[in-house]
Amino acid sequence: MPPQTPAGAARGDARSHHGEYKVPGGKLVIADLRTDDVAGERRIVSASVNGDFFLEPDEALQDINGALEGLPVHAPHGAVRDAVSTAVRPEAVMFGFDPASVAVAVRRALGHATTWADHAWEVIPPLALPIAVQVALDEVLTREVARGLRPPTLRLWDWDEPSVVIGSFQSLRNEVDPDGADRHGVTVVRRISGGGAMFMESGNAITYSLYLPVSLVDGMSFADSYPFLDAWVMESLAGLGVEAFYKPLNDIATPHGKIGGAAQKRLAGGAMLHHVTMSYDIDADKMVQVLRIGREKLSDKGTASAAKRVDPLKRQTGMRRGDIIEAMIATFEARYGARRSTLSPGTLADAEALAESKFRTTEWLHRVP
């Protein structure tokens, strides 16, 4: 039964809400809700969870609906999930869905969680810029999405200088050999996201960034959000004959070796950065002269040699780098209805200013010595 309105409490306008969530590898979960003002707070006053899932016994559906009724409309994902989990009788069997998937459908119905189709996506093709400006753009564009100044966006990188981009929390001295970097003229910068160092020679890597609202991954663990945000890449690579898959937590691999890695950063304001660098035609011998790749990391990956650990896309596809990038963009456009865009002069100016004040400074580069 819906919660009773306390005596003297005013109700506002009742509203209907509809949300759907297809569980990866599972079933469709639908939440049809009605909300109203109850004692000065908007709450779910009736709920109907439905879909093509399996549930035993039938009465467990009443448990689920009852758990949702009375919840505040701004209840976080965890609170909705836990309410359902607690309410479902011990003997119940939920097949093809679970309390977490119910929470996603509810949050989508209430507008707190979104789908790819809820957004008008843009794609920014590669533009050659200094590597410090590239990492600055990641921060600038993520903040633009957070402030509603741009829609969610996919951006491809391009650069002319041999580079290493280290993770936000990596020790510079532990990751980069200064003699090797100087000998090969490598520019080293630190990015805002965690993860490992990326050896990025011009023309030998494919890097892209996604700037998106965190509502798209609402309720997902970090581990689940990585393959979710890169599903389009797996589709694109499959179309090129590359059998790619995620190797937890953030490696993109094939049966022949690693081809790339991903990293994320969530900023205040409800936006996040997700980016990936994949090897196109890496010089593994030069890489090990520039990067200090320790035995502990190699042993965790099940290999004894950093050079043997990487399997570039050029060898696997025989395609030009630009053609692979174009195929990736085409897949993203077809899958999400994205349109191509460009960087505005104002955004470029903001990125150049941030590169100068932050990403090119000794203080930022050496913040973890």
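## How helices 1 and 2 cross

Helix 1 and helix 2 make a right-handed crossing, meaning that the near helix is turned clockwise from the far one by less than a right angle. This is a predicted model, where local features need pLDDT of at least 70, side-chain atom pairs count only at pLDDT 80 or more, and totals for chains, interfaces and linings use all residues. Residues are numbered from 1 along each chain as its sequence is written, and side-chain values use heavy atoms, with hydrogens and water left out. Helices (H or I, at least four residues) and strands (E, at least two) are DSSP runs, counted from the N terminus.

Helix 1 covers residues 60-68 and helix 2 covers residues 77-87; they pack at about 140 degrees with axes 8 Å apart. Those axes are lines fitted to C-alpha atoms, for helices over the stretch in contact, and angles run from 0 to 180 degrees between N-to-C directions. That makes helix 1 oblique to helix 2 (under 35 degrees is roughly parallel, over 145 roughly antiparallel, 65 to 115 roughly perpendicular, and the rest oblique).

On the helix 1 side, Asp63, Ile64, Ala67 and Leu68 meet Val80, Ala83, Val84 and Ala87 of helix 2; contact here means heavy atoms within 4.5 Å. Seven of the residues in this contact are nonpolar, none polar and one charged.

Next up is an open sheet of eight strands, ordered 12-13-14-15-11-7-6-16, with mixed pairing. Two strands pair if DSSP finds at least two bridges between them. Strand 12 (245-247) and strand 16 (339-340) sit at the edges with a single partner strand each, so one side of each has no neighbour in the sheet.

Strand 11 (residues 205-213) and strand 15 (residues 271-279) run antiparallel and are joined by nine bridges. Tyr211 stands opposite Leu273 in strand 15. Helix 4 (residues 131-146) packs on the sheet, touching strands 7, 11, 14 and 15, and its direction makes about 20 degrees with that of strand 11. Helix 8 (residues 231-239) packs on the sheet too, with strand 12 and strand 13 among those it touches; its direction makes about 145 degrees with that of strand 11.

Glu56 to Pro57 is cis, with omega near -5 degrees, and Pro57 lies in the loop between strand 4 and helix 1. Pro248 to Leu249 is cis as well, with omega near 0 degrees; Leu249 is in the loop between strand 12 and strand 13.

Then there's Ala39, which is not a glycine but has a positive phi of about 55 degrees. Ala39 sits in the loop between strand 2 and strand 3. Ala39 is exposed, at 54% relative accessible area (buried is under 20%, exposed over 50%, partly exposed in between, using a 1.4 Å probe and protein chains only).

Notes:
Ala, Val, Leu, Ile, Met, Phe, Trp, Tyr, Cys and Pro count as nonpolar, Asp, Glu, Lys and Arg as charged, and the others, Gly among them, as polar.
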